[in-house]
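The report below is meant for a reader meeting this structure for the first time. Please look over the sequence and the model before reading on.

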Amino acid sequence: MNIRYFAWVRERVGVEEETIEVPGGVKTVADLISHLKTLDDNHAAAFEEEDAIRVALDQLHVEADTALGDAREVAFFPPMTGG
Amino acid sequence: MQVTPLVRVQAEDFDAGAETRRLTSGRKDVGALVTFTGLCRDEAGTLEALELEHYPGMAEAELTRIAEEAVHRWPLTGLSVIHRFGKIAPGENIVLVVAASAHRRAAFEAADFLMDFLKTRAPFWKKEHLRSGAGSTWVNTKAGDEEDAARWSPT
């Protein structure tokens, strides 16, 4: 699965984009976050404030309990501050 | 018939005058035109520049979803949204919304709605670069932004 990061989430993880093998037990966005936190210290730091993270599946906003389904791209980012 | 909104995400500056002319030239059915321009403030002289990061693809898609919701809710004759990304200096433009309608209420409300939803849903993030050289920090969301967007929810 292709994962993209933006703003301070990107800075904390240390990469803009990565491809991850998703373990079988990972069904939802929240499961994926729990898995990513185990990868290394950078991921753990990026997802430390889990409530501050917003998620998009295939470029649509979703909630943490959303099933990943057959999404190709997941993006994690802070609350938006455009305009 | 609903109009198709114009949505652009670009590094270059925009010309608000040219964009308003695009929605009015050659027509006689437009009775109201509301233009909103968001600019970069210097924060009392402390800001060197803003850096706007965006999610290419989703930024355009989300702005289009919000704009389509606006043309569905109000009887608009035209709607344009332009959002810049990259480094923007104080005094420069960041965002433009132009709403045209037969009557003022629809144009005012559609432009207001668009900005409220754009702020909470369009994937853009501002980073402040300070003149003091004290480094750069990501801008936090304002407490009132979610409430502003919630004003438009059906009750």
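Which residue in β6(B) is the bridge partner of B:Val81? In β6(B), B:Val81 has B:Val97 as its bridge partner. The model is a predicted one, in which local features need pLDDT of at least 70 and side-chain atom pairs count only at pLDDT 80 or more, while totals for chains, interfaces and linings use all residues. Residues are numbered from 1 along each chain as its sequence is written, and chains are lettered from A and ligands numbered from 1 in the order in which they are written.

**The sheet of chain B**

Helices (H or I, at least four residues) and strands (E, at least two) are DSSP runs, numbered from the N terminus, and two strands pair if DSSP finds at least two bridges between them. In chain B, an open sheet of four strands has the order β1-β4-β6-β2, with mixed pairing. Its edge strands, each pairing on one side only, are β1 (6-10) and β2 (32-39) of chain B. Neighbouring strands are turned by 5° against each other on average, direction ignored; here axes are lines fitted to C-alpha atoms, for helices over the stretch in contact, and angles run from 0 to 180 degrees between N-to-C directions.

Helix α1 (residues 16-24) of chain B packs on this sheet, where it touches β2, β4 and β6 of chain B, and its direction makes about 20° with that of β6(B). Helix α3(B) also lies across β2, β4 and β6 of chain B, but runs at about 150° to β6(B). Contact means that the C-beta atoms of two residues, placed from the backbone, lie within 7 Å.

**Paired strands**

| Strands | Bridges | Direction |
|---|---|---|
| β4 (76-84) and β6 (93-101) of chain B | seven bridges | antiparallel |
| β3 (54-57) and β5 of chain A | four bridges | antiparallel |
| β3 and β4 (60-62) of chain A | three bridges | antiparallel |

**The nonpolar core**

A nonpolar core is a set of buried Ala, Val, Leu, Ile, Met, Phe, Trp, Tyr and Cys residues joined through C-beta atoms within 7 Å. A residue is buried if 20 or more other C-beta atoms lie within 10 Å of its own, exposed if 12 or fewer, and partly exposed in between. The largest core has 52 residues, of which B:Leu63, B:Ala70, B:Ala99, B:Ala110 and B:Leu114 touch the most other members. Helix α3 (residues 104-121) of chain B gives this core its largest share, eight residues. Leaving aside neighbours within four places in sequence, B:Ala110 is in contact with B:Ala70, B:Trp74, B:Leu76, B:Leu79 and B:Ala99.

By contrast, B:Gln2, in the segment before β1 of chain B, counts as exposed because it has 12 C-beta neighbours inside 10 Å.

Chain A, with three helices and five strands, follows the pattern β-α-β-α-α-β-β-β along its sequence. In the hairpin of β3(A) and β4(A), which has two residues between the strands, A:Asp58 takes a positive phi near 45°. Buried residues make up 27% of the 83 residues in chain A.

The contact between the chains takes 14 residues from chain A and 22 residues from chain B. On the side of chain A, the elements that give two or more residues are α1 (7-13) and β5 (73-77) of chain A.
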